[in-house]
Structures are given as C-alpha cells and as structure tokens.
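The structure is shown first, and the description follows.

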Amino acid sequence: MKIDFTLNGQPTTFEIAPHDTLLRALRNHGIWGVKFGDEAGMSGSDTVLLDDDPVLAGMILAAQVAGRDVLTIEGVGGAQERGWRGTQPLHPLQTAFIETGAIQCGYESPAFILCALALLRKNPSPTEAEVREAIAGVLSRDTGYVKPVQAILRAAAVMRGEDVPPIESAGGIPLPIGLFTPPAPQDDLPLGGSDNRGGTDTRVRTTPMPTMTLAPETENLRQVGKPRIKVDARKLIQGKPAYTDDIEHRGMLVAKVLWSPVAHALIKHIDVSKARALEGVHAVLTHHDLPRIVYTTSGQSDPEPGPHDNFSLDYKVRYVGDRVAMVAAETEAIARQALELIEVEYEELPAIFDPRESMQPDAPLLHDEPESWHIEDKNRNLAATIEWEVGDIKAGFVQADRIFERTYYSPKVQQTPIEPHVCTTWWDEDDRLVIRTSTQVPFHVRRILAPVVGLPEKRIRVIKPRIGGGFGVKQEVMIEDVAAHLTIVTGRPVRFEYTREEEFYTSRSRHPMYITMRTGVTNDGRIVANDMYALSNTGAYGAHALTVAGNTGHKAMALYNAPNIHFRTEIVYTNTPPSGAYRGYGVPQGFWALDPHIEWICREMGFDPIEFRLNNAVKAGDLHPISKAWNEGREASPEYIKTCGLEDCVRQGAEAIRWYDRFGNEDWHRVPGKPHLRRGIGLAAVMQGTSIPRLDMGAASIKMNDDGSFNLLVGATDLGTGSDTVLAQIAAEVLGCEVMDFITYSSDTDFTPFDKGAYASSTTYISGRATLIAAEQVAGQIKQVAARMFNKDEGYDPVTPDDLELRDQGVWTMDGRRITHREIALNSLHHEHQHQIMGIGSYVSPESPPPFAAQFATVTLDIETGQFTVDELIMAVDSGVIINPVTASGQIEGGMVQALGYGHCEEMAFDENGSMLNRQFGPYKIYRADETPELGVIFVETYEESGPFGAKAVAEIPMDGVGPALANAVYDAAGVWITDAPILPEKVWSALREK
C-alpha cells in the first residue's frame with residue numbers, strides 16, 4: 001500500500017506493508033536518524049515529531065501518518081559544507097549539542113533534540129525541571145543527562161537572543177557556581193547554588209566545563225587540555241548513516257536465532273524440514289550442519305586467558321536463551337515464522353542457579369564435553385581460580401586489635417547500550433568475508449572468528465562504524481559468527497540484530513559476586529591484614545571468568561597498603577546467562593565490598609572516615625601492593641605508583657559536598673517539619689588501572705596531504721568516549737595545527753593499524769602514546785623540509801630542524817618567518833625531493849598508572865518506608881592530565897549515573913526455572929533524565945610521565961565509587977547496613993524493622 005504525507009517539509013510517498021511500523025518504513029527509505037532501541041517504546045531513541053508532537057516511531061504504524069507531518073532529525077538544520085553550494089546553518093539545538101559535548105555515543109542525540117525542539121516551540125523559556133521532563137522519555141546510558149540538559153538550556157537562551165558564556169573563555173576555564181563556596185543559610189540547596197529543577201535560573205547550567213585543578217606542565221599547551229569539539233559531532237547531530245545498521249545491501253537477508261526455552265538440556269532431536277521448506281527461507285542451521293569448533297567469545301589478546309568452552313551451535317543448551325538453531329530469510333516476519341516451525345526434543349537435565357551450590361559433589365555438570373579446555377575443574381563446575389598473598393596474612397591477623405568480617409553481594413546487571421548488538425556480513429568483490437559490526441574489538445573479532453568460519457584472517461575484513469554504546473558488552477565476539485555462517489551458506493548479505501529482550505537474556509552482564517571481607521585493624525588506626533574471598537558467577541560460559549575476578553582483587557585490594565593482603569577467588573558455572581565484561585571489569589564488585597567495610601570499621605572504632613582512608617591508602621612513591629603478586633595479562637612484575645592525587649580528590653570533594661558541615665551534624669540530618677525524613681552523606685575512595693601492562697598494544701599512522709591536512713589512522717575504537725577526538729588533539733598538539741585539520745579514521749582491520757580494542761581504560765594512554773610517537777615522526781619530517789625551504793631565503797643565517805617550531809598550522813623560525821603546512825606538503829609531494837611525509841607509532845606500556853578518585857553522595861531517606869532519593873553525587877578524580885575536559889567530564893557524569901543504577905535499582909531477576917523476568921526497560925529500571933541527582937565533576941590533575949602529555953585513564957573509575965558511597969550515605973541516614981545491592985526500599989525497610 002502507498003501513503004502520502006509530509007516528511008521533513010517535503011511531500012512524500014512511501015510504499016509500505018500494512019504491518020510496517022513508522023520506524024521500519026523510515027529506515028527502509030534511508031531515514032537513518034531514527035534509531036531502534038527496544039520493542040516496547042521505553043528507550044525513546046525512535047522519537048520523531050508528528051504534527052509537532054513527539055511520538056515513538058516504533059510504536060505506531062506507518063499507515064497512521066498518512067496526510068500528516070513527520071519531522072526527523074534530517075529535517076532539523078541545513079545541509080553542511082556543500083562545496084560551491086555553500087553551507088546552511090545548523091539549528092541552535094544542534095550547535096549547542098556540539099559545543100557542550102552533549103554527544104557521546106550519539107545514538108540517542110537525535111531523539112533528545114526532537115523532544116527539545118517540541119518543548120521550545122511551545123515554551124521558549126523552560127526551567128531545568130521542564131527540560132528534564134521533556135526528554136525523560138529518551139534513555140541515555142552514557143551522558144548522565146547533564147550535558148544534553150545544558151545544551152538545551154543553552155540553545156533556548158540563544159534562541160531568545162541572549163548571550164551565553166563561551167565554552168572556553170580567555171580568562172580560563174569557567175567554574176560551575178556553587179563549588180567551593182560556603183553553604184547557603186538553610187544549607188539545603190543542591191549543588192550549583194540554584195533552586196534546581198523547579199527554579200528559573202538556568203544560566204549556571206549552560207556551560208559544560210568541570211572544575212579543574214590544572215597540572216603546571218600543561219600551561220603552554222594549545223590543544224591538549226582544551227574542550228575541542230568532537231570530530232564526529234556534526235555527522236551524528238544530523239543523523240548521518242554512521243552506525244552499523246545504517247547501511248543498505250541489495251538482497252540482504254535477515255537472521256534470527258532459536259533460543260532455548262530450558263536452562264539445561266541435551267538436544268535429542270531437531271527437525272528443521274518445515275522451516276527449510278517455508279518460502280523465503282534461505283538457510284536453517286543446527287549443530288549438525290556446522291563444524292564443531294570450540295572457542296572463547298571473550299575479545300581478548302592472544303592467548304585468551306579464559307576457558308574455551310563455546311560452540312556456534314552445540315548439542316547441549318546451558319541456560320534459557322542459549323542457541324539452538326539459526327535462520328536466514330527474506331524478511332524478519334518470515335524468519336520468525338521459520339523459528340516457530342522448528343521442532344526440538346529436549347532431554348532436560350538438572351539445573352543449578354545458585355553459585356554457592358555449583359561446586360557441591362552432587363551438582364550437575366555444565367561442561368563435561370571433551371573439546372572444551374582451559375577450564376580449572378570441569379568436575380566441580382569451576383571455570384577458574386586465583387589465589388595470591390602479599391606478606392603473611394595469618395601473622396597480620398595476630399597483630400590486629402580487632403578483626404571485622406562480613407559478606408557482601410554484588411548483583412547481575414546488564415550494560416544496556418541503547419544500540420543493541422547488530423552485525424551485517426557479505427562477500428566482497430574479492431570473495432572476502434566482510435563483517436560490519438558494533439564491536440569494541442575489531443581485530444580480536446577477526447582473529448577469533450577465523451577458525452570458527454574456516455577462513456584465514458587475510459580473507460576476513462572487520463569494519464567498526466560508530467558504536468551506540470558498548471560498556472564492555474561489545475568486547476565479546478557474540479553475534480558475528482551467526483551472520484557469518486549464514487552468509488557462507490547462502491552467499492547473500494545477512495543482517496543480525498538483537499531485540500531488546502535478547503540483549504537482556506542472551507547477551508552478557510556483570511558477574512554477580514559474593515565477597516567476604518576480613519580485615520584486621522590496630523587501635524591506632526592501621527590496617528595490618530586485609531583478606532578478600534570472591535565467589536564469582538560466570539553463568540553458562542566462562543569467557544571473562546578469570547580476568548574479571550582477578551581484577552576484583554588486583555585493583556580494589558591495592559588501594560590500602562596493608563603489609564599483609566590475601567585474595568582468593570573461585571569462578572563457577574551456573575545455568576544462568578553468561579557474565580562478561582562490563583565497564584569497570586570486576587573492580588566495582590570489589591569496592592562494593594571493600595569501601596562499606598572500611599566505613600563499618602570507622603564507625604565501630606570511632607575513626608574519622610576521611611583520615612582513616614587517607615592514612616592507610618597508597619601514596620605516590622609506594623610500590624603497587626599487588627603488582628608483584630598478580631597481573632591480568634602477563635607475569636607479575638613490580639610497579640611503583642608515581643602519581644597519586646587521592647588526598648586532594650578527597651579534600652576537594654569534601655569541600656564541594658560540604659562534608660565538614662554535614663557529617664555528624666544532627667541538625668542537617670533532620671528535615672524541618674518532616675520527622676520521617678533523614679538526610680545522609682557518604683564517601684568512597686577508589687582506584688582503577690590504566691591499560692594492562694606488558695600486554696595492551698596500540699598503533700597509529702599519520703600522513704600529510706597536499707593541503708597541509710593530515711590523515712590519522714588508528715586501530716583504537718571510539719565507543720562515544722571521544723577517543724577519535726582526543727587522539728587528534730594529541731597529534732595536533734605535536735604538529736602545531738587544529739583538530740579540524742585531521743581526517744580521523746578508526747578501526748577497520750584492512751586499513752588501520754592494529755589495536756587490541758577499547759577496554760581496560762587504555763585508549764588514551766596506549767593509543768594516545770602511539771599517536772604521539774607517529775606525530776613526532778611527522779613533525780621531524782616537516783621540520784626537515786621546512787629547514788631546506790627556509791635556507792633558500794637570502795640574507796638569513798642557516799637554520800636546522802631543531803631551530804624550528806610548529807604552531808598555527810605552520811613552521812616558524814626564531815626570527816619570525818613562517819612556512820605553512822600547505823606549502824610544506826606541496827613541496828614534499830610535488831616539488832623537491834618528493835616523498836610522502838608519514839609516521840607510524842606503536843606502543844606497549846610496561847606499567848599501569850592507576851587513576852584515583854573520591855566519590856561523595858547525599859540522600860534523603862524516609863525511615864517509615866525505606867524509600868530514599870539520591871540528592872547529590874560529586875566525584876573528584878585524578879586521571880592525570882585531562883586531554884579534553886568536556887568529553888572526560890561527560891564520561892564521569894555518565895559513569896556515575898550508570899553506577900547509581902546498579903547501586904540503587906538495577907538487577908536482573910529470574911524465576912525458579914532460570915528465565916529472566918525483567919527483560920525490557922521499565923521492569924529493568926535505569927535512570928531517566930528527570931530522576932538523576934545533582935552531579936558534580938572535579939578533576940585534580942597530576943602529571944603522569946608515562947602517559948601522553950601526562951594522561952591516565954578516566955573511563956572506568958566512575959563506576960567504582962557510587963554504590964559504596966550510596967551504601968555509606970544510607971547508613972548515615974538510617975543507621976542500617978545494606979550489604980547486598982541494589983539498595984532497594986524494601987531492604988532498607990526490613991533492616992529498619994530489625995534494628
């Protein structure tokens with residue numbers, strides 16, 4: 001059927017099927033700015049304006065828009081840089097999103113803008129509360145909503161004709177109002193000094209710059225440390241086809257997978273004849289059709305350290321959601337119908353869901369197949385184990401005056417990137433298999449899949465487009481083999497995308513852990529013995545079993561420099577969806593146990609929580625306590641902590657949260673006129689790591705073009721973190737030019753240099769150092785050409801390359817002469833001694849300098865119901881020198897809100913048969929824009945000499961402290977310890993009743 005309507009101001013006719021949603025119809029016609037996020041309309045990424053009102057394109061039929069007006073992001077703002085045809089202006093909302101760094105992964109940015117546009121057309125002067133309410137239907141997993149709100153308020157001011165402060169002013173970085181100021185007279189105003197969401201003063205919220213204490217070494221830098229606009233911001237804010245699924249192929253088939261309805265069973269018989277006979281079906285594959293190749297799905301370097309226990313299809317299923325069969329068909333509807341026609345006879349086996357029962361003698365065995373290897377003990381369902389000791393833990397407990405022991409539980413939570421897993425595969429003109437996939441690890445995908453699909457690496461090309469969020473779940477080689485097998489069989493392009501339900505129950509999640517802490521303390525406040533035992537649940541498969549749990553001990557237990565430390569972990573199989581990599585990679589679980597345990601000790605022994613932490617914490621110059629005992633990738637080797645800003649982080653964070661006025665202040669704890677409410681304040685001190693030493697490797701290449709611009713090719717994967725921009729800033733600093741002078745291209749196994757992928761907080765540190773090396777090579781070559789050109793000038797003394805300076809897109813002599821980059825490029829490529837100015841750099845770090853942070857939280861809690869509201873979160877972070885403060889603070893803000901979810905409200909729930917109950921947004925609760933607390937970010941710069949321009953990691957550390965600080969704040973408010981996350985109201989209520 002045909003429908004006529006107006007699309008982005010133009011009369012339009014679509015040919016559609018009666019059951020097509022507006023989302024599917026728009027994307028089928030090349031309108032890529034509208035995105036799929038879920039089937040239930042909870043993510044909001046499919047928002048469009050229908051007659052000026054926001055609607056969800058996935059929740060209405062295309063036929064319903066006949067005769068009406070539809071606006072997508074493609075109709076907002078004008079076409080950019082069209083050569084002789086010129087450039088039309090962007091909409092002020094688009095400009096504001098670019099300027100404020102509100103675009104991170106960018107997947108949901110079009111929806112934010114359309115919702116904001118609808119609001120501003122009706123209300124040109126909204127309050128922050130009204131802005132947050134307007135975008136509350138759009139979920140973001142990476143922004144924390146701070147910068148999108150700032151962008152909308154900034155745009156509203158511009159549209160009203162008001163002046164807005166520049167993002168970077170000549171006087172330096174503007175500080176958010178309210179930080180480091182005395183408390184208000186009533187001491188009840190939130191961070192920022194305004195009346196927040198009900199108020200009208202929005203000026204403070206139109207600049208995205210964090211508070212910063214700058215390292216003196218950065219004083220003369222021109223690009224590094226500056227809030228440069230992201231290199232991909234313009235294309236993302238216009239809805240350009242940048243993501244994996246934004247592609248068309250003639251004859252593309254749709255892949256679907258039949259998932260197991262039972263938790264543990266043998267496939268006794270499977271009949272696919274009816275499915276294969278269905279018109280429009282091109283392939284149906286079972287374990288009978290594929291070679292039996294065992295592999296690991298963990299996207300890690302060779303050799304992968306975890307169990308190799310996975311098959312593309314197996315004769316046994318191990319959880320509800322395990323694979324049974326694969327289908328490729330002409331349409332999604334036909335593929336789904338084919339799945340229903342597959343007949344399977346299961347021989348159900350006993351299942352095990354509680355990790356505490358996995359190693360019992362009578363427990364059913366999950367991996368008794370002979371092909372699997374690198375499993376610690378198949379007969380005990382023990383995927384991996386680690387144990388190490390520093391000092392003498394038994395002797396340490398003898399020295400202690402008091403010993404504290406308690407068990408903590410960290411739950412199974414899902415990464416929930418708004419873009420689900422999606423992959424397309426096809427044969428190219430050279431009969432090579434091309435895999436276009438939303439992955440964090442393109443080079444690992446190629447290497448791991450090669451034996452699985454029976455091709456050498458050289459016949460596989462992996463392309464990583466823009467990613468709509470990863471958070472570790474896309475560090476898994478999890479869907480690419482499905483599409484690849486079906487392309488091999490059919491010879492056709494194949495597209496495979498998870499539904500939101502599939503993303504929940506058959507993707508990956510954080511490892512649930514039971515962690516027992518036992519700590520010995522002396523009466524004078526010294527930790528003399530610290531012991532941790534972690535029982536980790538890897539689920540049905542063990543891809544990241546070893547390394548995640550190892551990180552739990554390695555990073556968390558290293559913060560306090562006790563002379564005697566012991567760590568032991570057992571990682572077990574259960575018949576639950578597999579656990580995997582999740583931002584923080586085991587460290588949040590460790591600090592969920594360690595920091596509330598430290599707070600408990602302080603409360604019981606009367607120690608000041610700040611002083612006790614700082615007195616026992618590692619300091620600059622200390623040997624990393626665990627470095628000699630264990631390392632994630634290679635053999636352990638001593639590492640020294642060269643930079644540590646933890647004390648300054650704690651002190652500055654405490655000032656910002658008004659710790660010294662609030663902690664222990666009964667007047668502040670009670671809310672006047674509301675005797676059922678109590679306020680609480682909590683802190684947590686945390687550390688992370690920066691890359692995996694002696695293992696993680698990155699590379700970059702830079703070449704100079706005729707016009708003096710540069711191509712920067714990096715294997716590093718930008719997940720929305722802004723790494724493409726940060727790496728360009730590093731190169732621009734060395735080469736004396738602007739970020740806009742670079743064409744940055746990342747992650748294509750055919751064209752870009754190798755990189756191990758985006759994980760372990762290593763991109764800026766490792767790939768940045770590789771970029772720095774490449775840029776220095778190019779700078780040296782530019783200076784050589786420039787010196788030759790300068791020395792042709794008569795009347796001047798000869799110059800050498802060492803006499804020259806690169807800045808302002810050219811090369812300068814000490815006497816003020818200048819040659820532009822363009823002139824140098826033309827000379828080198830066309831005129832004299834012709835050669836390509838080009839450099840390539842590789843880097844593997846021998847060390848892993850840890851970032852440090854102090855996390856603070858305040859809550860208001862109802863002691864009658866257990867319900868509480870998180871009011872403020874402030875994080876002060878030492879991540880070395882901050883290359884781009886806007887993108888870095890965006891990562892901290894988004895990380896805090898993501899961590900707040902697992903501390904406060906997120907948990908995957910299962911029934912007695914192992915089937916996930918809350919497999920959609922809504923039942924699985926993540927924070928909305930109108931629910932987030934006040935967020936504050938403080939950067940305390942240290943200069944880490946091993947990092948590029950002094951940088952350390954920033955991406956993972958915001959996940960570590962929010963949950964512990966929240967638990968400590970709840971105790972401060974209510975006097976009860978909640979040791980199992982998330983801290984649900986019923987848990988608080990029950991603890992209060994038992995108190």
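At a relative accessibility of 29%, Glu371 is partly exposed. The model in which this value was computed is a predicted one. The side chain of Glu371 forms a salt bridge with that of Arg292, with N and O 2.7 Å apart. This pair connects distant parts of the chain, 79 residues apart: Arg292 is in the loop between β9 (281-285) and β10 (316-317), and Glu371 is in the loop between β12 (343-348) and β13 (382-390). Arg292 is also partly exposed, and its relative accessible area is 31%.

The structure contains 61 salt bridges. Three of them, including the pair just described, are set out below.

| Salt bridge | N to O distance |
|---|---|
| Arg292 and Glu371 | 2.7 Å |
| Asp793 and Arg817 | 2.9 Å |
| Arg928 and Glu931 | 3.4 Å |

In the pair of Asp793 and Arg817, the closest N and O atoms are 2.9 Å apart. How accessible are the two partners? Asp793 is partly exposed at 33% relative accessible area, whereas Arg817, at 11%, is buried because it falls under the 20% limit.

For Arg928 and Glu931, both partners are partly exposed: Arg928 has a relative accessibility of 29%, and Glu931 has a relative accessible area of 27%. Elsewhere, salt bridges with shared partners connect Arg27, Lys35, Asp245, Asp246, Arg495 and Glu497 in one network.

The backbone has further points to note. Most peptide bonds are trans, and most residues other than glycine have a negative phi. Asp302 and Pro303, however, are joined by a cis peptide bond with an omega of about -5 degrees. Pro303 belongs to the loop between β9 and β10. Another cis peptide bond joins Ala981 to Pro982, with omega about -5 degrees, and Pro982 is in the loop between α23 (962-974) and α24 (985-994).

Asn381 is not a glycine, yet its phi is positive, about 55 degrees. Asn381 is buried, at 0% relative accessibility. Ser747, also not a glycine, has a positive phi of about 65 degrees. Ser747 is placed in the loop between β26 (742-746) and α20, and at 0% relative accessibility it is buried.

Key
Residues are numbered from 1 along each chain as its sequence is written. This is a predicted model: local features need pLDDT of at least 70, side-chain atom pairs count only at pLDDT 80 or more; totals for chains, interfaces and linings use all residues. Side-chain values use heavy atoms; hydrogens and water are left out. A salt bridge is a side-chain nitrogen of Lys or Arg within 4 Å of a carboxyl oxygen of Asp or Glu. Helices (H or I, at least four residues) and strands (E, at least two) are DSSP runs, numbered from the N terminus. Buried means under 20% relative accessible area, exposed over 50%, partly exposed in between (1.4 Å probe, protein chains only).
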